Each structure stands twice: as C-alpha cells, then as structure tokens.
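Please read it alongside the sequence and structure.

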Amino acid sequence: MKILVIQQKMIGDVLISSIICNNLRTAYPDAQIDYLVYASTTPVLEGNTSIDNIILFEEKHRKSKKELLNLGIQIRNQKYDLVIDAYSKLESWILVLLSNAKRKISYKKPGRSFLYTDNVPFEALPKTNLGLAIERRLSLLGPLDLKSPIDPIPKLFVYEKENQEAIALFEKHNVSKDRETVMISLLGSEKLKTYPLEFMSKVVDYVADTSDFNILFNYFPKQLEDAKTVFNACKPSTQKKIYFDLLGDDLRSFIAIMNQCDLIIGNDGGAINMAKALEKPSFIIFSPWIEKKIWATFEDGIHHLSVHLKDYRADLFDQKTEKMLKKESLSLYKEFKPEYFKAQIESFLNQNLSNSI
C-alpha cells in the first residue's frame with residue numbers, strides 16, 4: 001500500500017499533521033507513507049520512522065505552473081493507493097487531481113468535493129481538549145475505520161548527539177544546573193502574531209519574580225533588535241536571570257535546547273508546538289485575530305493553558321469577522337494588558353515547576 005499525506009504550510013501545521021502519518025504507520029506497518037511539505041519544515045520530521053519519504057513542495061512549484069504540473073506528474077507516477085490532503089488549497093487540489101489515487105480524502109468544502117472519494121466534515125467547534133487543529137486532522141482518518149488505537153500527540157525526535165551539544169551549550173553559557181529553565185517564545189512569526197514588546201517584558205518580569213529560574217529567549221538573529229528591546233525593558237533583577245546569547249544555529253538545535261528546558265511561555269507558533277511535542281508544559285498568549293479554539297491544543301488548565309484578549313474583553317469582539325480582527329490586531333493587542341493574566345502565569349509556574357514559590 002502506498003500513501004501520500006499532503007500538508008504544505010508552516011512548522012506547526014506540518015508537525016501536527018504528522019500525527020496522520022504516525023497513526024497510519026500503526027494501522028499499516030508495511031505501507032509506504034510519504035509526506036509532502038515545505039522544505040523549511042523538514043527539521044521537525046527528522047527521526048520520524050512513520051514517514052518513508054519526504055516530498056518537497058518548493059518555491060518553484062508556487063511560482064511556475066509548469067513546475068507544479070511536473071510535481072503532479074511525479075506524484076502520479078508513484079501510483080499512490082491513498083492520498084490524504086490535510087492542506088486542501090488550490091495547490092494541493094491540482095496535485096490530488098493529477099495523482100490518480102484510488103482513494104482521496106480531505107475536508108468537505110464547497111466546490112471541491114468532486115476531487116475526493118471521501119469528504120470529511122470540517123468541524124467548527126472542538127469536541128475535546130485536543131483542540132480543532134488536532135481533531136480536524138484526526139477526522140481525516142475516520143473514513144479508513146482504523147482498528148488500531150489513535151495517538152493524537154505529535155512527536156519530535158532528538159538525537160543523543162543533539163542533546164549532548166545542547167547540554168554543552170548550557171555549560172558554555174554557565175547556565176545554573178540548580179535552577180529550572182523557562183523558555184520564552186519571544187516573538188511570533190509576524191508582527192500581527194507578536195505580543196507587544198513592552199508587554200512581553202512585563203511577562204518576563206512576572207516569570208522572574210515567581211522564583212529563581214533560568215530564562216532563555218527564543219528568537220532568530222534577524223530579530224535581535226526586538227529581543228534586545230524586551231531585555232532592556234525588563235527589571236535589572238530579571239536581566240540577571242536571562243541567558244540572552246544562548247541560541248541555536250538552526251531549527252534542530254532549537255529543538256535540542258528546548259528539550260533541556262522545563263516549560264515554555266509566550267507567543268503562539270512553531271516554538272510552542274515543538275515544545276508540546278517534546279512533552280513540555282506550555283502557556284500561550286494568543287494574537288487577538290487567531291482563534292483559540294483551533295490552536296489551544298491539549299488544554300487542561302494545568303500543563304497546557306492559554307490566554308486570549310476575548311477571555312477578558314469579549315465586548316471588543318462583538319460582530320467582528322476574522323478579517324476585521326486581523327486588520328485591527330495591533331490596536332487590539334494594546335488592550336491585552338499583561339496584568340489580566342499575571343495570576344494565571346504564576347499559577348502555571350507553581351503547578352509545573354518545583355522551585356516556584
């Protein structure tokens with residue numbers, strides 16, 4: 001049996017959709033399971049034995065109809081028995097159409113049902129604390145009526161060499177071994193997904209005031225100035241606990257560094273999803289235009305919890321569409337005062353770290 005799973009998009013999407021591959025491997029241990037993703041997301045798939053081949057969707061496939069067609073022909077030549085399209089956008093529709101697979105599964109959406117043999121309802125509300133991002137992906141396995149137990153948790157695999165390199169990095173920066181370590185997801189993938197820097201510095205202060213923790217910042221070198229802005233706005237007592245220059249060189253090194261941390265707090269995004277896949281507790285600060293019900297995965301109020309402006313100021317969201325909220329996101333962020341959830345951060349730390357007050 002040959003299976004292709006399609007999930008273009010960002011790191012968090014690719015990591016979460018890998019649960020489709022993981023559950024297919026359990027159900028069909030001898031199948032060939034291939035995964036089509038953006039090249040930039042492949043580090044989160046390293047070591048995952050549920051995936052036989054990674055097929056890259058590259059920039060040339062987006063820019064050139066000819067290249068997209070060539071990719072579709074390559075997929076067709078593989079003669080897949082089953083294609084599961086977790087992306088379900090124009091680019092993937094073309095690939096599905098060209099695949100000529102016997103069975104094709106995706107979400108039920110207007111105007112595209114003819115492309116698939118199985119159209120699964122695109123649920124609007126979560127049924128469990130898994131969150132819609134997880135539930136929707138798992139629903140794509142429904143038509144297969146799998147007999148094996150379903151595992152909803154994404155997995156990240158860290159090589160021993162990577163762990164040792166991260167430990168050595170901690171030692172190089174003289175990170176205290178006697179203190180627990182908190183990773184701060186400092187910046188989102190874009191400004192509309194980044195909690196205001198002056199507010200984030202207060203969040204870091206809250207963390208530092210709770211107990212004597214090591215604090216790491218997650219940021220890319222190109223975000224250095226924003227990271228400095230947050231650091232400089234923190235209290236001197238907080239700054240002493242921050243290991244500002246402790247960074248990984250790439251995504252794999254971040255994963256290994258995160259594996260040495262005890263939990264993560266901050267903006268929603270790939271860093272949070274990777275931390276969850278490493279079984280680290282998480283506290284998410286959502287952007288006003290992002291739907292919490294989708295990405296608040298595994299929310300239990302203890303190990304995983306999140307906050308959204310709507311939790312405190314529901315009046316600001318009356319009669320507003322996602323498009324409107326995205327447009328107003330920066331002004332709405334200004335209303336999302338860190339004081340609203342200070343007590344929740346303290347409670348989260350107390351429940352998940354032994355050194356908390």
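1. The structure, a predicted model, holds 21 salt bridges. Side chains of opposite charge can pair when their charged atoms come close. The points below take up individual pairs and then turn to a helix contact.

2. Asp212 counts as partly exposed because its relative accessibility is 37%, a value in between the limits of 20% for buried and 50% for exposed.

3. Which residue forms a salt bridge with Glu339? The partner is Lys202, and the closest N and O atoms of the two are 3.3 Å apart. Glu339 lies in the loop between α15 (329-333) and α16 (342-352), while Lys202 is part of helix α7; the pair therefore ties together parts of the chain that are 137 residues apart in sequence. Both partners are partly exposed: Glu339 has a relative accessibility of 45%, and Lys202 has a relative accessible area of 35%.

4. Is Glu225 buried or exposed? Glu225 is exposed, its relative accessible area being 53%, and exposed means over 50%. Lys228, at 35%, is partly exposed.

5. Salt bridges with shared partners also join Glu46, Glu162 and Arg252 into one network.

6. Turning to helix packing, helix α1 (residues 11-27) packs against helix α5 (residues 132-139) at an angle of about 35°, and their axes are 9 Å apart. The crossing of α1 past α5 is right-handed.

7. Which residues of α1 and α5 meet? On the α1 side they are Asp13, Ile16, Ser17, Ile19, Ile20 and Asn23; on the α5 side they are Ala133, Ile134, Arg137 and Leu138. Sorted by class, this contact between α1 and α5 has six nonpolar, two polar and two charged residues.

Key: Residues numbered from 1 in each chain as written. Predicted model: local features only at pLDDT ≥ 70, side-chain atom pairs only at ≥ 80, totals over all residues. Heavy atoms only, no water. Axes fitted to C-alpha atoms, helices over the stretch in contact; angles between N-to-C directions. Helix = DSSP H or I, 4+ residues; strand = E, 2+ residues; numbered from the N terminus. Left-handed = near helix turned anticlockwise from the far one by under 90°. Contact = heavy atoms within 4.5 Å. Nonpolar A, V, L, I, M, F, W, Y, C, P; charged D, E, K, R; others polar. Salt bridge = Lys/Arg side-chain N within 4 Å of Asp/Glu carboxyl O. Buried < 20%, exposed > 50% of the residue type's maximum accessible area, 1.4 Å probe, protein only.
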